[in-house]
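User: I am new to this structure. Please show me how to read its features, step by step.

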Amino acid sequence: MKSKFKKLIAAAMAVLTLSVGFVGAAGCGYCAHNLETFEKVPSTCIEHGHGYSYKCKKCGKLFAYDEEKGLYEIEAAEQLPLGGHTLPDISEMGEKLGYRLKDGKTEAESIWDYEITYKCALCGEEEAVSGEHLGTIVPPNLNKTQSGNGSQVYKATYAYDNDDKETGKPYTKIDFRSDTNNSPITLDPYNYIFEACEKDYSKNGKTYGPNYEWVSASHIGTFQRFPLYVPFTVNETRYVFYVIKNTTDTSVTTDPIKVEWSLNGDDWANVTINPGEIKVLPVSATEKGNINVQAQYVKVSNPNNPNKLGKKMSIEMVGQFYIPSAVAKLDIDEMPTKTEYTAGETFDPTGLKIYATYVEPSLGKSLRVEDLKFSCEGRPLTTADDRVTVTYGGMKVSFNITVTEGANNG
(Lines give C-alpha, C1' and ligand atoms only; values in the text may rest on other atoms or scores of the structure.)
Protein backbone atom coordinates (compact mmCIF):
# COMPACT_ATOMS: atom_id res chain seq x y z
CA MET A 1 0.00 0.00 0.00
CA LYS A 2 2.85 2.38 0.87
CA SER A 3 4.61 1.53 -2.40
CA LYS A 4 1.46 2.26 -4.41
CA PHE A 5 1.02 5.54 -2.56
CA LYS A 6 4.61 6.55 -3.33
CA LYS A 7 4.05 5.81 -7.01
CA LEU A 8 0.94 7.98 -7.09
CA ILE A 9 2.78 10.83 -5.37
CA ALA A 10 5.67 10.48 -7.83
CA ALA A 11 3.27 10.60 -10.77
CA ALA A 12 1.47 13.62 -9.36
CA MET A 13 4.75 15.45 -8.77
CA ALA A 14 5.90 14.60 -12.29
CA VAL A 15 2.66 15.92 -13.77
CA LEU A 16 2.98 19.08 -11.68
CA THR A 17 6.59 19.53 -12.78
CA LEU A 18 5.68 19.16 -16.44
CA SER A 19 2.69 21.46 -16.14
CA VAL A 20 4.77 24.33 -14.76
CA GLY A 21 7.50 23.85 -17.35
CA PHE A 22 10.49 22.55 -15.34
CA VAL A 23 11.34 19.66 -17.66
CA GLY A 24 13.88 18.98 -20.37
CA ALA A 25 11.25 19.41 -23.09
CA ALA A 26 10.49 22.80 -24.58
CA GLY A 27 6.79 22.59 -23.80
CA CYS A 28 4.26 24.50 -25.94
CA GLY A 29 6.68 26.94 -27.50
CA TYR A 30 7.94 29.04 -24.61
CA CYS A 31 4.99 28.14 -22.34
CA ALA A 32 4.60 25.18 -19.97
CA HIS A 33 2.24 22.36 -20.83
CA ASN A 34 -1.19 22.64 -19.28
CA LEU A 35 -2.14 19.02 -18.56
CA GLU A 36 -5.47 17.39 -17.86
CA THR A 37 -5.66 13.84 -16.49
CA PHE A 38 -7.55 10.99 -18.13
CA GLU A 39 -8.36 8.38 -15.48
CA LYS A 40 -7.45 4.75 -15.88
CA VAL A 41 -10.31 2.62 -17.24
CA PRO A 42 -10.10 -1.06 -16.16
CA SER A 43 -10.58 -3.73 -18.79
CA THR A 44 -13.52 -6.11 -18.78
CA CYS A 45 -13.73 -9.54 -20.38
CA ILE A 46 -15.20 -8.00 -23.55
CA GLU A 47 -13.57 -4.57 -23.78
CA HIS A 48 -10.02 -3.30 -23.40
CA GLY A 49 -9.43 -0.55 -20.87
CA HIS A 50 -6.59 1.97 -20.90
CA GLY A 51 -4.03 3.30 -18.45
CA TYR A 52 -3.66 6.82 -17.05
CA SER A 53 -2.77 9.47 -19.63
CA TYR A 54 -2.27 13.23 -19.59
CA LYS A 55 -3.15 15.65 -22.40
CA CYS A 56 -1.92 19.19 -22.87
CA LYS A 57 -4.86 21.57 -23.29
CA LYS A 58 -2.71 23.90 -25.40
CA CYS A 59 -0.75 21.74 -27.82
CA GLY A 60 -2.85 18.58 -27.67
CA LYS A 61 0.14 16.31 -27.00
CA LEU A 62 -0.54 13.13 -25.01
CA PHE A 63 1.69 11.85 -22.21
CA ALA A 64 1.96 8.76 -20.03
CA TYR A 65 3.85 8.16 -16.78
CA ASP A 66 6.30 5.40 -15.99
CA GLU A 67 8.19 5.03 -12.71
CA GLU A 68 11.50 4.69 -14.58
CA LYS A 69 10.91 6.96 -17.57
CA GLY A 70 8.86 9.60 -15.78
CA LEU A 71 6.44 11.43 -18.07
CA TYR A 72 6.88 10.74 -21.77
CA GLU A 73 5.00 11.58 -24.93
CA ILE A 74 2.72 8.94 -26.47
CA GLU A 75 0.52 8.75 -29.56
CA ALA A 76 -2.43 7.05 -27.87
CA ALA A 77 -3.43 5.90 -24.40
CA GLU A 78 -1.98 2.53 -23.42
CA GLN A 79 -4.41 -0.29 -24.12
CA LEU A 80 -4.72 -2.74 -21.26
CA PRO A 81 -5.24 -6.49 -21.81
CA LEU A 82 -8.72 -7.92 -21.43
CA GLY A 83 -9.72 -8.55 -17.83
CA GLY A 84 -11.43 -11.40 -16.01
CA HIS A 85 -15.10 -12.27 -15.95
CA THR A 86 -17.65 -10.45 -13.80
CA LEU A 87 -19.75 -12.11 -11.09
CA PRO A 88 -23.48 -11.43 -11.44
CA ASP A 89 -25.38 -9.50 -8.81
CA ILE A 90 -26.65 -11.71 -5.99
CA SER A 91 -30.23 -11.01 -7.13
CA GLU A 92 -29.45 -12.81 -10.42
CA MET A 93 -27.54 -15.74 -8.93
CA GLY A 94 -30.48 -18.11 -9.10
CA GLU A 95 -30.21 -18.09 -12.91
CA LYS A 96 -26.43 -17.74 -13.09
CA LEU A 97 -25.09 -20.35 -10.63
CA GLY A 98 -24.63 -23.94 -11.69
CA TYR A 99 -22.20 -26.85 -11.63
CA ARG A 100 -20.19 -28.99 -14.03
CA LEU A 101 -17.60 -31.75 -14.15
CA LYS A 102 -14.06 -30.46 -13.84
CA ASP A 103 -11.82 -30.29 -16.91
CA GLY A 104 -10.81 -33.69 -18.21
CA LYS A 105 -13.71 -35.51 -16.53
CA THR A 106 -16.38 -37.26 -18.57
CA GLU A 107 -18.11 -38.73 -15.53
CA ALA A 108 -17.80 -38.27 -11.78
CA GLU A 109 -15.71 -40.81 -9.91
CA SER A 110 -15.68 -38.99 -6.56
CA ILE A 111 -17.53 -36.17 -4.85
CA TRP A 112 -14.59 -33.86 -5.68
CA ASP A 113 -15.11 -34.13 -9.44
CA TYR A 114 -17.69 -31.33 -9.65
CA GLU A 115 -17.10 -27.58 -9.49
CA ILE A 116 -19.53 -24.70 -8.90
CA THR A 117 -19.88 -22.30 -11.81
CA TYR A 118 -21.34 -18.90 -12.65
CA LYS A 119 -22.27 -17.17 -15.89
CA CYS A 120 -20.38 -13.93 -16.48
CA ALA A 121 -22.66 -10.91 -16.10
CA LEU A 122 -21.16 -9.37 -19.27
CA CYS A 123 -20.46 -12.15 -21.76
CA GLY A 124 -22.46 -15.06 -20.32
CA GLU A 125 -19.51 -17.47 -20.43
CA GLU A 126 -19.53 -20.19 -17.77
CA GLU A 127 -16.64 -19.96 -15.31
CA ALA A 128 -15.69 -21.84 -12.14
CA VAL A 129 -16.41 -19.91 -8.94
CA SER A 130 -13.08 -19.02 -7.30
CA GLY A 131 -12.16 -20.31 -3.86
CA GLU A 132 -12.69 -17.03 -2.01
CA HIS A 133 -16.37 -17.21 -2.96
CA LEU A 134 -16.90 -20.74 -1.67
CA GLY A 135 -17.24 -22.21 1.79
CA THR A 136 -17.25 -25.94 2.52
CA ILE A 137 -20.18 -27.36 4.46
CA VAL A 138 -19.83 -30.80 5.99
CA PRO A 139 -22.61 -32.39 8.08
CA PRO A 140 -21.36 -33.37 11.54
CA ASN A 141 -20.33 -36.68 12.96
CA LEU A 142 -23.52 -37.62 14.71
CA ASN A 143 -25.28 -40.78 15.81
CA LYS A 144 -28.93 -39.79 15.99
CA THR A 145 -32.17 -41.45 17.00
CA GLN A 146 -35.42 -40.49 15.37
CA SER A 147 -37.94 -38.56 17.49
CA GLY A 148 -40.35 -40.99 19.16
CA ASN A 149 -38.28 -43.97 18.08
CA GLY A 150 -35.55 -45.69 20.07
CA SER A 151 -33.78 -46.97 16.99
CA GLN A 152 -30.71 -45.30 15.55
CA VAL A 153 -31.50 -43.90 12.11
CA TYR A 154 -28.52 -41.72 11.22
CA LYS A 155 -24.84 -42.37 11.76
CA ALA A 156 -22.30 -39.95 10.27
CA THR A 157 -18.50 -39.97 10.38
CA TYR A 158 -16.00 -37.29 9.37
CA ALA A 159 -13.40 -38.34 6.82
CA TYR A 160 -10.68 -36.64 4.76
CA ASP A 161 -9.84 -37.21 1.12
CA ASN A 162 -6.17 -37.97 1.85
CA ASP A 163 -6.46 -39.31 5.43
CA ASP A 164 -4.69 -36.19 6.76
CA LYS A 165 -6.79 -33.84 8.86
CA GLU A 166 -4.36 -30.95 8.44
CA THR A 167 -4.20 -30.97 4.64
CA GLY A 168 -7.16 -33.11 3.60
CA LYS A 169 -10.54 -31.92 2.39
CA PRO A 170 -13.30 -32.97 4.82
CA TYR A 171 -16.43 -34.83 3.88
CA THR A 172 -19.00 -36.97 5.67
CA LYS A 173 -19.85 -40.66 5.43
CA ILE A 174 -23.46 -41.34 6.43
CA ASP A 175 -25.36 -44.55 7.10
CA PHE A 176 -29.15 -44.30 7.03
CA ARG A 177 -30.79 -47.16 8.92
CA SER A 178 -33.62 -49.24 7.53
CA ASP A 179 -36.38 -47.90 9.81
CA THR A 180 -36.36 -44.33 8.48
CA ASN A 181 -38.31 -43.14 5.44
CA ASN A 182 -39.05 -39.56 4.43
CA SER A 183 -39.09 -38.12 7.95
CA PRO A 184 -37.07 -34.93 8.65
CA ILE A 185 -33.77 -35.32 10.49
CA THR A 186 -32.65 -32.06 12.10
CA LEU A 187 -29.05 -30.90 11.83
CA ASP A 188 -29.07 -28.35 14.63
CA PRO A 189 -25.79 -26.48 15.35
CA TYR A 190 -27.26 -24.95 18.51
CA ASN A 191 -27.34 -28.36 20.17
CA TYR A 192 -24.04 -29.81 18.99
CA ILE A 193 -21.10 -29.34 21.33
CA PHE A 194 -17.37 -29.63 20.78
CA GLU A 195 -15.84 -32.72 22.32
CA ALA A 196 -12.63 -34.25 20.96
CA CYS A 197 -13.60 -37.72 22.08
CA GLU A 198 -12.31 -40.98 20.70
CA LYS A 199 -15.60 -42.82 21.00
CA ASP A 200 -19.31 -42.07 20.98
CA TYR A 201 -20.17 -39.33 23.45
CA SER A 202 -23.55 -38.85 25.13
CA LYS A 203 -24.92 -35.73 26.79
CA ASN A 204 -28.46 -34.67 27.67
CA GLY A 205 -29.89 -37.71 25.96
CA LYS A 206 -28.07 -37.07 22.67
CA THR A 207 -25.31 -39.26 21.25
CA TYR A 208 -22.44 -37.75 19.30
CA GLY A 209 -19.89 -39.59 17.18
CA PRO A 210 -16.11 -39.32 17.66
CA ASN A 211 -14.50 -35.97 16.77
CA TYR A 212 -17.68 -34.65 15.21
CA GLU A 213 -16.21 -31.12 15.13
CA TRP A 214 -19.38 -29.08 15.35
CA VAL A 215 -19.54 -26.33 17.94
CA SER A 216 -22.57 -24.91 19.67
CA ALA A 217 -23.34 -21.22 19.37
CA SER A 218 -22.96 -20.91 23.13
CA HIS A 219 -19.44 -22.36 22.95
CA ILE A 220 -17.82 -19.72 20.74
CA GLY A 221 -20.61 -17.28 19.91
CA THR A 222 -22.86 -17.02 16.91
CA PHE A 223 -20.08 -16.12 14.49
CA GLN A 224 -18.96 -19.68 14.01
CA ARG A 225 -16.48 -20.69 11.36
CA PHE A 226 -17.05 -22.83 8.31
CA PRO A 227 -17.98 -25.61 7.83
CA LEU A 228 -20.44 -25.21 10.67
CA TYR A 229 -23.36 -23.22 9.37
CA VAL A 230 -25.01 -21.17 6.63
CA PRO A 231 -25.78 -17.61 7.79
CA PHE A 232 -28.71 -15.69 6.29
CA THR A 233 -28.86 -12.01 5.41
CA VAL A 234 -32.31 -10.46 5.24
CA ASN A 235 -34.05 -11.10 1.90
CA GLU A 236 -30.87 -12.46 0.31
CA THR A 237 -30.98 -15.97 -1.14
CA ARG A 238 -28.33 -18.42 0.02
CA TYR A 239 -27.11 -21.13 -2.35
CA VAL A 240 -25.60 -24.50 -1.42
CA PHE A 241 -24.57 -27.33 -3.73
CA TYR A 242 -24.40 -30.71 -1.97
CA VAL A 243 -22.46 -33.35 -3.92
CA ILE A 244 -23.69 -36.81 -2.93
CA LYS A 245 -22.46 -40.29 -3.81
CA ASN A 246 -24.63 -43.32 -3.12
CA THR A 247 -22.13 -45.78 -1.65
CA THR A 248 -24.70 -48.46 -0.76
CA ASP A 249 -23.35 -51.97 -1.22
CA THR A 250 -25.25 -53.48 -4.15
CA SER A 251 -25.05 -56.90 -2.48
CA VAL A 252 -27.34 -55.39 0.20
CA THR A 253 -29.77 -53.56 -2.10
CA THR A 254 -29.89 -52.12 -5.60
CA ASP A 255 -32.71 -49.72 -4.69
CA PRO A 256 -32.08 -45.99 -5.17
CA ILE A 257 -32.12 -43.50 -2.32
CA LYS A 258 -33.98 -40.20 -2.51
CA VAL A 259 -32.33 -37.40 -0.53
CA GLU A 260 -34.28 -34.24 0.30
CA TRP A 261 -32.58 -31.21 1.86
CA SER A 262 -33.73 -27.91 3.32
CA LEU A 263 -31.75 -24.97 4.70
CA ASN A 264 -34.70 -23.67 6.71
CA GLY A 265 -37.35 -26.41 6.94
CA ASP A 266 -39.56 -24.77 4.31
CA ASP A 267 -37.82 -24.88 0.94
CA TRP A 268 -36.99 -28.48 -0.02
CA ALA A 269 -34.88 -29.77 -2.89
CA ASN A 270 -34.37 -33.44 -3.75
CA VAL A 271 -32.35 -35.85 -5.84
CA THR A 272 -32.66 -39.61 -6.44
CA ILE A 273 -29.39 -41.54 -6.67
CA ASN A 274 -28.74 -45.17 -7.58
CA PRO A 275 -25.92 -47.12 -5.88
CA GLY A 276 -22.58 -46.00 -7.28
CA GLU A 277 -23.96 -42.77 -8.75
CA ILE A 278 -22.81 -39.23 -7.89
CA LYS A 279 -25.21 -36.33 -8.24
CA VAL A 280 -25.41 -32.68 -7.22
CA LEU A 281 -28.28 -31.38 -5.11
CA PRO A 282 -28.68 -27.56 -5.37
CA VAL A 283 -30.41 -26.12 -2.30
CA SER A 284 -31.45 -22.53 -1.69
CA ALA A 285 -33.48 -20.51 0.79
CA THR A 286 -34.35 -16.91 1.63
CA GLU A 287 -35.10 -15.51 5.08
CA LYS A 288 -36.89 -12.32 6.17
CA GLY A 289 -34.29 -11.55 8.84
CA ASN A 290 -30.59 -11.90 9.61
CA ILE A 291 -29.85 -15.38 11.01
CA ASN A 292 -26.33 -16.42 11.93
CA VAL A 293 -26.98 -20.02 12.97
CA GLN A 294 -29.92 -22.05 11.78
CA ALA A 295 -30.72 -25.74 11.68
CA GLN A 296 -30.76 -27.61 8.38
CA TYR A 297 -32.96 -30.59 7.60
CA VAL A 298 -32.54 -33.79 5.63
CA LYS A 299 -35.00 -36.54 4.64
CA VAL A 300 -34.23 -39.85 2.98
CA SER A 301 -36.59 -42.33 1.37
CA ASN A 302 -36.68 -45.32 -0.94
CA PRO A 303 -38.76 -44.63 -4.07
CA ASN A 304 -39.26 -48.41 -4.39
CA ASN A 305 -40.51 -48.79 -0.82
CA PRO A 306 -43.04 -46.20 0.43
CA ASN A 307 -42.90 -47.32 4.09
CA LYS A 308 -39.18 -47.59 4.92
CA LEU A 309 -35.76 -47.87 3.36
CA GLY A 310 -35.87 -51.61 3.67
CA LYS A 311 -32.09 -51.94 3.94
CA LYS A 312 -29.27 -49.81 5.31
CA MET A 313 -28.18 -47.25 2.73
CA SER A 314 -24.97 -45.22 2.73
CA ILE A 315 -23.77 -42.00 1.13
CA GLU A 316 -20.71 -39.75 1.02
CA MET A 317 -21.27 -36.02 0.75
CA VAL A 318 -19.88 -32.51 0.96
CA GLY A 319 -21.47 -29.11 0.38
CA GLN A 320 -20.23 -25.94 -1.29
CA PHE A 321 -21.78 -22.69 -0.07
CA TYR A 322 -21.66 -19.64 -2.36
CA ILE A 323 -20.24 -16.58 -0.57
CA PRO A 324 -21.32 -13.33 -2.27
CA SER A 325 -19.19 -11.10 -0.08
CA ALA A 326 -15.55 -10.05 -0.62
CA VAL A 327 -12.66 -10.85 1.72
CA ALA A 328 -12.11 -7.95 4.14
CA LYS A 329 -9.00 -9.08 6.02
CA LEU A 330 -6.77 -12.03 6.88
CA ASP A 331 -5.71 -13.03 10.39
CA ILE A 332 -3.01 -15.47 11.45
CA ASP A 333 -4.55 -18.05 13.77
CA GLU A 334 -1.35 -20.09 14.11
CA MET A 335 2.19 -19.43 12.91
CA PRO A 336 3.93 -22.01 10.72
CA THR A 337 5.89 -24.66 12.57
CA LYS A 338 9.17 -23.49 11.05
CA THR A 339 10.20 -19.81 11.05
CA GLU A 340 14.01 -20.11 11.12
CA TYR A 341 15.86 -21.07 7.93
CA THR A 342 19.29 -21.35 6.40
CA ALA A 343 19.89 -19.56 3.10
CA GLY A 344 19.04 -21.85 0.19
CA GLU A 345 16.13 -23.59 1.93
CA THR A 346 12.57 -23.09 0.71
CA PHE A 347 9.71 -21.80 2.82
CA ASP A 348 7.58 -24.48 4.51
CA PRO A 349 4.00 -23.35 5.39
CA THR A 350 3.22 -26.46 7.46
CA GLY A 351 1.23 -25.52 10.55
CA LEU A 352 0.17 -22.09 9.25
CA LYS A 353 -3.49 -21.33 9.87
CA ILE A 354 -5.11 -18.26 8.31
CA TYR A 355 -8.66 -17.04 8.88
CA ALA A 356 -10.46 -14.90 6.28
CA THR A 357 -13.03 -12.37 7.48
CA TYR A 358 -15.48 -11.12 4.87
CA VAL A 359 -17.11 -7.73 4.27
CA GLU A 360 -20.33 -9.32 5.42
CA PRO A 361 -19.45 -9.77 9.12
CA SER A 362 -21.30 -13.06 9.64
CA LEU A 363 -19.12 -14.73 7.00
CA GLY A 364 -15.64 -16.09 7.49
CA LYS A 365 -13.65 -19.28 7.08
CA SER A 366 -10.39 -20.98 7.95
CA LEU A 367 -8.16 -21.39 4.89
CA ARG A 368 -6.19 -24.37 3.65
CA VAL A 369 -2.51 -23.82 2.91
CA GLU A 370 -2.89 -24.90 -0.73
CA ASP A 371 -5.34 -22.02 -1.31
CA LEU A 372 -2.78 -19.38 -0.26
CA LYS A 373 -0.10 -17.56 -2.25
CA PHE A 374 3.28 -16.75 -0.64
CA SER A 375 5.70 -13.97 -1.55
CA CYS A 376 8.70 -16.34 -1.47
CA GLU A 377 6.97 -19.22 -3.25
CA GLY A 378 9.02 -21.35 -5.64
CA ARG A 379 12.49 -20.00 -4.87
CA PRO A 380 15.30 -20.53 -2.33
CA LEU A 381 15.34 -18.15 0.63
CA THR A 382 18.14 -15.60 1.08
CA THR A 383 19.28 -13.59 4.09
CA ALA A 384 17.28 -10.67 2.70
CA ASP A 385 14.04 -12.59 3.36
CA ASP A 386 12.81 -11.45 6.76
CA ARG A 387 9.05 -11.44 6.09
CA VAL A 388 6.62 -13.70 4.27
CA THR A 389 3.49 -12.14 2.80
CA VAL A 390 0.39 -14.30 2.38
CA THR A 391 -2.25 -13.36 -0.23
CA TYR A 392 -5.82 -14.59 -0.55
CA GLY A 393 -8.90 -13.00 -2.07
CA GLY A 394 -7.07 -9.74 -2.75
CA MET A 395 -6.03 -9.32 0.90
CA LYS A 396 -2.58 -9.75 2.46
CA VAL A 397 -1.08 -10.57 5.85
CA SER A 398 2.61 -10.91 6.77
CA PHE A 399 4.77 -12.52 9.43
CA ASN A 400 8.47 -12.55 10.26
CA ILE A 401 10.97 -15.30 9.49
CA THR A 402 14.73 -15.52 10.09
CA VAL A 403 17.18 -16.63 7.38
CA THR A 404 20.87 -17.05 8.27
CA GLU A 405 23.92 -17.92 6.16
CA GLY A 406 24.70 -21.62 6.06
CA ALA A 407 28.08 -23.16 6.90
CA ASN A 408 28.95 -23.43 3.19
CA ASN A 409 27.80 -19.94 2.30
CA GLY A 410 30.88 -18.09 3.50
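Analyst: What follows is a short tour of a few features, each with its general idea and its case here.

User: What should I know before starting?

Analyst: This is a predicted model, where local features need pLDDT of at least 70 and side-chain atom pairs count only at pLDDT 80 or more, while totals for chains, interfaces and linings use all residues. Residues are numbered from 1 along each chain as its sequence is written, and side-chain values use heavy atoms, with hydrogens and water left out.

User: How do strands form a sheet?

Analyst: Strands of a sheet pair through backbone hydrogen bonds, in either a parallel or an antiparallel way. Strands here are DSSP runs (E, at least two residues), numbered from the N terminus. Two strands pair if DSSP finds at least two bridges between them.

User: Over how many bridges do β2 and β3 pair?

Analyst: Strand β2 (residues 53-56) and strand β3 (residues 62-66) pair over 2 bridges, in the antiparallel sense. Look at Y54: its bridge partner in β3 is F63.

User: Is Q296 buried or exposed?

Analyst: The idea is relative accessible area: buried means under 20%, exposed over 50%, and partly exposed in between (1.4 Å probe, protein chains only). Q296 has 8%, so it is buried. Its place is in strand β19 (residues 296-301).

User: What surrounds Q296?

Analyst: A contact means heavy atoms within 4.5 Å. Not counting residues up to four places away in sequence, Q296 touches I137, I185, T186, L187, V230, Y242, W261, S262 and L263.

User: Which side chains make polar contacts with that of Q296?

Analyst: A polar contact is a pair of N or O atoms within 3.5 Å; within protein, one must be able to donate a hydrogen and the other to accept it, and residues adjacent in sequence count only if both atoms are side-chain atoms. The side chain of Q296 makes one with the side chain of Y242, at 2.6 Å. Another, of 2.7 Å, joins the side chains of Q296 and W261.

User: How many salt bridges does the structure hold?

Analyst: A salt bridge is a side-chain nitrogen of Lys or Arg within 4 Å of a carboxyl oxygen of Asp or Glu. The structure holds 14 of them. One of these joins the side chains of K279 and E277 (4.0 Å, N to O). K279 is partly exposed at 31%, and E277 is partly exposed at 28%.

User: Which residues form salt bridges with R368?

Analyst: The side chain of R368 meets that of E370 in a salt bridge (2.4 Å, N to O). R368 also forms one with D371, where the closest N and O atoms are 3.6 Å apart. R368 has 27% relative accessibility, so it counts as partly exposed. E370 is partly exposed at 44%, and D371 is partly exposed at 35%. Elsewhere, salt bridges that share partners join R100, E115 and E126 into one network.

Technical notes: Helices (H or I, at least four residues) and strands (E, at least two) are DSSP runs, numbered from the N terminus.
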